[in-house]
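Subject: Structure handover

Hello,

Here is the structure I promised to pass on. Please open it before you read the notes.

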Amino acid sequence: MKVVGIVFANLHERNIPELTADRTVGSIPFGCRYRLIDFTLSNMVNSGITDIRVATQYNYQSLMDHIGSGKNWDLARHSGGIKVLPPDKQGSPGHGASRLETLKSIRDSLSSIKADYLIMADCDGICNIDYSAILQDHIDHHADITMMVKRSPLTGTLGNRITLVESDENGNITGLARQPGNRSEEYDIFMNVAVISGQYLRLILQEAFSRDYHSLTMDIMMKQIGNYVYRVFRYDGTFAFINSLQDYFSYSMKLLADGSFRHALFGIPERPILTKVHNSPPTRYLEGATVRNSLVADGCCIEGVVENSVLFRGVHIGKNAVVRNSILFQNDRVGPGCSLNYLIADKNAVLQEGCVLSGHPLKPFFIAKSEVL
Amino acid sequence: MYQKKECVAMLLAGGQGSRLYTLTEKTAKPAVPFGGKYRIIDFPLSNCVNSGLDTVGVLTQYQPLQLNEYIGNGQPWDLDRTRGGVMVLPPYQRQQSADWYSGTANAIFQNLQFIDRYDPDYVLILSGDHIYKMDYEAMLSFHKKAGSDCTISVLQVPLAEASRFGIMNADETGRIVEFEEKPKHPKSTNASMGIYIFGTDVLKEYLISDDADPKSTKDFGRDIIPKMLADGKRLFAYPFSGYWKDVGTIESLWEANMDLLGVTPSFDLFDQNWRIYSRSTAQPPHLIGPDASLSNSLVTEGCEIYGTVENSVLSDGVIVEAGAVVRESVIMSGAVIRKNASVRYSIVDSETVIGEGARVGSQESPRAPIAVVGGSLEIPPETVIEAGEMVNASRLDEIRRGGDKR
């Protein structure tokens, strides 16, 4: 049985434009040292999938740099391994392309994959899942497509830009919706992870191409419900959708505040989240450093006060600077005497001496990549 | 098919390191953790790569498992090469005989075949027990310019300490006229750092004749260098300045770790122009708890700090529970310091648990001899481990049997 993973690195950019100005959703940094794609890739590798294709359309320089040869995920292999698939000769469908359009743009590369099953996963969900269970469920029910869903009320920004899945008591999908009728109910939310049979994928790609379909859910699944076996697979573990900058901020803070959330992601010894190794030295805490309730990557140098914050690699906090409730990306420099609260600073930002900046928990202050203040 | 290399490095990593006591019970000295996320061998290996040397033989003998596993295919140092790269060289059985490496020179002698494959013009001999950053390429240029048969890098040491080292007495051109091993009355302060560059032909000639000499101890310092000097060969001292530390003893290992601390540390790991590479375990970021207090310390990924850490170096995955205090100490991977325990002036090896309320090491400044707790031990709550004490599994049994809480 051959199982191939397809990772969509670009989808959902429009949900979080601040962090995707020059990177894919997959290469959004998260949790001090990871990128969102690390969760998807690690889930696949930890589920025994070692033949992975990463579909990407644009802005993929940081993604390519991050993945490299794939050795950090044990995916630098002769047989299988990881391959990044930019659009082939038909060109990119452009910004905001759908899953089906992305698949169409790499149709040539896909046609060479003789997989029995494919696991398709986007990069906007943070979770640590063993995909074996959904795969087995898919096989047991001779399904064509099995969608992984999470039962959840539509809180926060959830409810925008998601797919709701309706199903009968046997787990067969009866309908798909974009907009909820009633926001107060619980829904089965598509986690953007699905298993598809190889044969069926080839069939629908052919059809999508010849009939110029754009949406897997609306143009294909909705029209063919009843003719094929579409199923739901409910997942009830930890799952975080990054649907906006606000989600990004609140889930980063949840890493600090909620030990069980942190543990569900990083505390499973047999399923580590793997990432690119940077070879940073350990973090230096100098005299005058006061750090509380924070997550800190390697390679930082801290001389000031840090509270309830997430610090990526190589961040420097100057003397008497106070950083609270903030997320500082790789190599950010916070000058002496700065005071920051509810702030997200993209990588290589420089906050010169004495900057005072504050956002709001629901609207964190955002500083773009390499910005100097 | 082997590509010719100008210079091949041979790293002597077989030493037992018995003066590190329990730290080297189960591992070779070069594999002893250092500076939070490194092992001692990372320093010579990174120096090689940063100096443009891509072919390194690592000679192993004592407890090689961890070291072999650590080196692996050499990928962390970019030494996973098609032509060259890093190669672990254990002693092996030959048709006529099978011997352990009986000395530094014998170890190289037994691996002349490895050197021959790359047909190098020069061979660099390194040892795996020093912490330093050095450009071996500059030393090689010096060697070539001097028309040297053997170049030995030397460090200026205080006169008072010179009698602990091999001292190279050189003339004004740098040519070595005399070598004295640990002299009582040193004539100069040029201490050998145990780093040699030989012309390959000269090296082979001397190794072969040394092997045939039954009186020889098969050691570079004791046998090869004196013989070459007696024969009037051209030996030169290459002056090195910068940080260099032999970490062969508990006290010096502790000191070298402390040298990484401070605003301007004596040894800077953050130097982007000379990076030190290591094999990483890819753990989550470290977590600082709500009541933690940290000062002047190095903390590595995977740690969880809820207590107090001062003037210390913590490797990956160390847990310091609430109320626990770690000061002036080196704590290695995965060790756990339980509630209200206090560890001071100590080295705690990997995976060891210091029980609640235990007291390890001298609790007062100024500094007393460093206490050492070996790896994978469970120190019972309220145990007291005195300054300078070495605790391994058998010593722990004694402490337990005696109901010894002192």
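First, the ground rules. This is a predicted model, in which local features need pLDDT of at least 70, side-chain atom pairs count only at pLDDT 80 or more, and totals for chains, interfaces and linings use all residues. Residues are numbered from 1 along each chain as its sequence is written, chains are lettered from A and ligands numbered from 1 in the order in which they are written, and side-chain values use heavy atoms, with hydrogens and water left out.

Confidence. The model scores ipTM 0.86 and pTM 0.90. Chain B has a mean pLDDT of 93 (the predictor's confidence in each residue, from 0 to 100). In chain B, 99% of residues reach 70 or more.

Chain A with chain B. Contact (heavy atoms within 4.5 Å) links 30 residues of chain A with 36 residues of chain B. The two chains bury about 2,800 Å² between them (accessible area, 1.4 Å probe, lost on being put together and summed over both parts). Carbon and sulfur atoms carry 50% of that. On the chain A side, Asn279(A), Arg284(A) and Tyr285(A) lose the most area to chain B, together 24% of what that side buries. Two salt bridges join the chains (a side-chain nitrogen of Lys or Arg within 4 Å of a carboxyl oxygen of Asp or Glu). One of them pairs Lys37(B) with Asp298(A), with the closest N and O atoms 2.7 Å apart.

Inside chain A. Chain A splits into domain 1 (3–244) and domain 2 (284–367); the bounds come from an automatic or database domain assignment. Their centres, taken over C-alpha atoms, are 34 Å apart. Ten residues of domain 1 are in contact with twelve of domain 2. Together these domains bury about 840 Å², 62% of it on carbon and sulfur atoms. The count of salt bridges between them is one. Arg23(A) forms a salt bridge with Asp346(A), the closest N and O atoms being 2.8 Å apart.

Cavities. There are five of 30 Å³ or more (sets of points on a 1 Å grid over the protein atoms alone, where a 1.4 Å probe fits but cannot get out; lining residues have an atom within 4 Å of a point). Where does the largest cavity lie? Both domains of chain A give residues to its lining, so it lies between them. Among the lining residues are Arg33(A), Tyr34(A), His66(A), Phe312(A) and Lys347(A).

Best wishes

Conventions. On a 1 Å grid over the protein atoms alone, a cavity is a set of points where a 1.4 Å probe fits but cannot get out, and a pocket is an open set with protein on both sides within 12 Å along at least five of seven lines; lining residues have an atom within 4 Å of a point. Grid points are joined across faces, edges and corners, and a volume is the space filled by probe spheres set on the points.
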